Amino acid sequence: MGRRDSGIFLLIIYFLLAIYLLPLFPSNEGSANDLTRWATAASLVEKNSFEISWAKELVDTEFIDVTKTSDGKIYSNKAPGIALLSAPFYAVTKVIIGKPTKENVRTSWFVLRLLLGSMPLLLLAVWLYGNEVDAYSLGVLLFATPLFPYSLLYYSHVIVAVLVYLAFRLIYDTRRVFPERCFTAGFLCGFSLLCEFSAIIPLIIFGIGLNFTEPIERIRRVVFYIAGIAPFIFIFAVYNQLVFGSPFAFISHYELTYPTLSALYQFLVRPSHGLFVFSPVLIFSVFTFFDSTESGLKRHRVKIATIILTFISVMGFAEKYGGETIGARHLIIIIPLMLDSFFDGEVEDYPSHWRGFFFVISILFCTIPMLTYSFAPPELQFPHNSFWQPLLYENNLWALTLINTFGVPSSIWTILPAMVLLLFAIFFVWRDAKYPMKFAVGLLAGILLVGNYMFLINFEAETAKPLREKVIQNYSGKKWKKFIS
């Protein structure tokens, strides 16, 4: 088998995992965030409105990230793009399964999550595979960053990250920048802004970069780029006017602050959700900031500026960073840009043992949460050790899977197929390694390190115990049994 064979197997494994794992939970904050988006999409079809209070009895939980009006109406305070895109897919699903009920919420949630959470990442991987990206880079993209867990949820982070990256490639991949490609890039950035307000930084940086392209047709490029963005700015303003009474109402939904060293720690190296803790393989991206073969080129400068300035802007949310989470979800928007050096083959010559070491730690830390209750309470500093490990190995608390929806009780046997698929993903990346033996040494060292961290020492046992008991109680209650029946 050639090198490209491993890539196709990784694509198949990801697709099977996206179908098999169903991380939806009753009465918990993480899934309630999912369900707020689901309710907004459903309201657009069922009620021709963004108001979602009617759906509360269907989801049997409290909506979060919402704004409540004085007359009792409830609206999501998130950008409306993902709901608008979901509405046609929800309408088609409704034709098949009927009007929303408590029994079929999970089905329509799954369809929307699969199409708008999982498929964008898979399609990006397919496109990269067609451009002969190596198996290591595909493995990192699909399984070894927070892109993986959030692609199994109904959030807008992954689709926005993919669209922003494609916009970057459209503009800066060719020596000559064509105005038509700028229009498409503006269209993608505009829709991204309609989904996530943090997309405003890439949108601005990409536009500024156009002013440094070759003089011929420079003005046309900028005009075409703005023309692609403009409709979504208008839609966003109209939405805020109709729902919240002001075209600038979205500003009140965000409490920004200035970047601090505390925020830097939280987002990068805090054990509970730091980006380089969940995905240490991204350290190679930092190395390529300085030794890239593209250093000094406009493309490289735009990429680095986008990553750094987006990160600084995200740190403005640090004081409000909270709630149950899986890794640094607010940084997902820059992950494909950070992986751009992987896709260009710039990390292939780094030592194989370090590539294997960081890869396996990243894939374990990013996938373990999806095998049980996925959302770590914000009170915990070491969730892999104190929360997810006991839930898996002491409480046998396994995530919902496709087979459970047919009435099979949740057990190690129902989660085992997902574990096997993840092991195969590691195998296919190893098989494609430049120096397999050295890569295997790194894999083994990483597995031993993660195993010692999770099992050898008990961190924050007293803090984590009541938080785990709360989750276990939800699982064993009547609501959960009814939910999976």
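Modeller: Let's start with how covered a residue is: buried means under 20% relative accessible area, exposed means over 50%, and partly exposed is in between (1.4 Å probe, protein chains only). This is a predicted model, where local features need pLDDT of at least 70, side-chain atom pairs count only at pLDDT 80 or more, and totals for chains, interfaces and linings use all residues. Residues are numbered from 1 along each chain as its sequence is written, and side-chain values use heavy atoms, with hydrogens and water left out.

Biologist: Okay, cysteines then. How many disulfides does a search of the whole structure find?

Modeller: A disulfide is a pair of cysteine sulfur atoms within 2.5 Å. Searching the whole structure gives 0 disulfides. Take cysteine 189: its nearest cysteine sulfur belongs to cysteine 182 and is 11 Å away.

Biologist: Is cysteine 189 buried or exposed?

Modeller: Cysteine 189 has 1% relative accessibility, so it counts as buried. Cysteine 366 is buried too, with a relative accessible area of 1%.

Biologist: What about charges? How many salt bridges are there in the whole structure?

Modeller: Side chains of opposite charge can pair when their charged atoms come close. For a salt bridge, a side-chain nitrogen of Lys or Arg must be within 4 Å of a carboxyl oxygen of Asp or Glu. The search of the whole structure turns up 12 of them. One joins lysine 78 to aspartate 65, at 3.7 Å from N to O. The two sit 13 residues apart: lysine 78 is in the loop between strand E2 (74-76) and helix H4 (81-97), while aspartate 65 is in the loop between helix H3 (56-59) and strand E1 (66-68). Those labels come from DSSP runs, numbered from the N terminus: helices are H or I with at least four residues, strands are E with at least two. Lysine 78 is partly exposed at 26% relative accessibility, and aspartate 65 is partly exposed at 27%.

Biologist: Why is the pair of phenylalanine 9 and phenylalanine 428 stacked?

Modeller: Their ring centres are 4.6 Å apart and their planes meet at 15 degrees, so the pair is stacked. Phenylalanine 9 is in helix H1 (residues 3-20) and phenylalanine 428 in helix H20 (residues 412-431), which means that parts 419 residues apart in sequence are tied together. Phenylalanine 9 is partly exposed at 28%, but phenylalanine 428 is buried at 10%. For an edge-to-face case, look at tyrosine 172 and phenylalanine 206, with 6.4 Å between centres and 65 degrees between planes. Tyrosine 172 is in helix H8 and phenylalanine 206 in helix H10 (residues 200-210), 34 residues apart. Both are buried: tyrosine 172 at 5% and phenylalanine 206 at 0%.

Biologist: Where does the charged end of lysine 47 sit?

Modeller: Over the ring of tryptophan 54, 5.3 Å from its centre. The rule asks for NZ of Lys or CZ of Arg within 6 Å of the ring centre and within 35 degrees of the ring normal. Lysine 438 likewise lies over the face of tyrosine 435, at 5.1 Å from the ring centre.

Note on methods:
Rings of Phe, Tyr and Trp (its six-membered ring) pair if their centres lie within 6.5 Å; planes under 30 degrees apart count as stacked, over 60 as edge-to-face and the rest as tilted.
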